[in-house]
Amino acid sequence: MDCENRSIVSEFSLLGLPIQREQQGVFFALFLGMYLTTLLGNLLIILLIRLDSRLHTPMYFFLSHLALTDISCSSVTVPKLLMNMQTQHMTISYSECISQVYFYVLFGCADNFILSVMAYDRYVAICHPLHYTTKMKPELCTLLVTGCWLLSGVHSLLHTLLVNQLFFCAETVIPHFFCDLTSVLRSSCSDTSLNELVIFTEGGLIVAVPLSVILGSYVCMVVTILKVLSIKRISKALSTCGSHLFVVSLYYGTIASVYFFSSSSKSKDKNITASVMYLIVTPMMNPFIYSLRNKDIKCAFDSFVRAKFFP
């Protein structure tokens, strides 16, 4: 973007959601309900895993961190969206915008890494079941999760510092309902070629490496299952990996919709819709995906309800 009036901006205008003014109230109530469901569902998952000793296993340890990233990622953007919808004041301060960029990238990246760690955990459980307890020790699980958060923090800090070096024109409008990294770059008056290069190289690796781990883990699992093919073994594998596979498909499907299939200016509304799916719908669905067909979670929930309400 070329702009002669480069200045130190204190706030940006947000394009917001592509919905009619008279529909704002309906969507506000809908998004508020979905956000509260996200908070309650994921907090309940974390609480159950914390309290029930039967869930003190690597799989549920990783799941608790996935639930935390879902809560955090939604909380970075949805409360501000709801406030803007309620007040009809579609602005965001510069510092809020930079903070949104940092935390959105941080939690999105952590989601990516944690899903790959969960895939590795499932690989060990299916391909090396006799050595599962010796391979997936608590120390290794803690180390893997710590690595996920540290790498995500460094990745996010790098992109945030690069964005902070850019100039913005007065009365800049960000073509989104929050400060998404690519939308902020499009709104800058500066040359963003360095930012785009880093996104393409370093950002590409951040997505490609975990995705490769996930795909490689599932290929190994399929090969192992096919060696001794039986209905019982397939059923066990589906019960073990079905929820994770569904969440992975949902995660990478929405990411692809946001950043690969909706990149043109003509598909701006589709881009925003895909972002709503990623930030509001997916985090709300994850607790249901992991709990509806999970006997351990159901038993833990029943025990929790009986202990609290029917002692």
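Predicted model: local features only at pLDDT ≥ 70, side-chain atom pairs only at ≥ 80, totals over all residues.

Author: Aspartate 180 is found in the loop between β5 (173-174) and α6 (181-186).

Reader: Leaving aside neighbours within four places in sequence, what is aspartate 180 in contact with?

Author: Tyr104 and Tyr259.

Reader: Rings next. How many aromatic pairs does the structure hold?

Author: There are 14. One of them joins phenylalanine 61 and phenylalanine 62. That pair is tilted, with 5.8 Å centre to centre and 55° between the planes.

Reader: Are those two buried or exposed?

Author: Phenylalanine 61 is partly exposed, at 28% relative accessible area. Phenylalanine 62 is buried, at 0%.

Reader: And what about phenylalanine 103 and phenylalanine 107?

Author: They form a stacked pair, 6.1 Å centre to centre, with 20° between the planes. It counts as stacked because the planes are under 30 degrees apart.

Reader: Where do phenylalanine 103 and phenylalanine 107 lie?

Author: Both are in helix α3 (residues 94-127). They sit 4 residues apart, about one turn of the helix. Phenylalanine 103 is partly exposed at 36% relative accessibility, whereas phenylalanine 107 is buried at 12%.

Reader: Last one. Which residues do ring pairs link into a cluster?

Author: Tyr104, Phe177, Phe178, Tyr251, Tyr252 and Tyr278. Tyr104 is also in contact with aspartate 180.

Terms used
Residues numbered from 1 in each chain as written. Heavy atoms only, no water. Helix = DSSP H or I, 4+ residues; strand = E, 2+ residues; numbered from the N terminus. Contact = heavy atoms within 4.5 Å. Phe/Tyr/Trp six-rings, centres within 6.5 Å; stacked < 30°, edge-to-face > 60°. Buried < 20%, exposed > 50% of the residue type's maximum accessible area, 1.4 Å probe, protein only.
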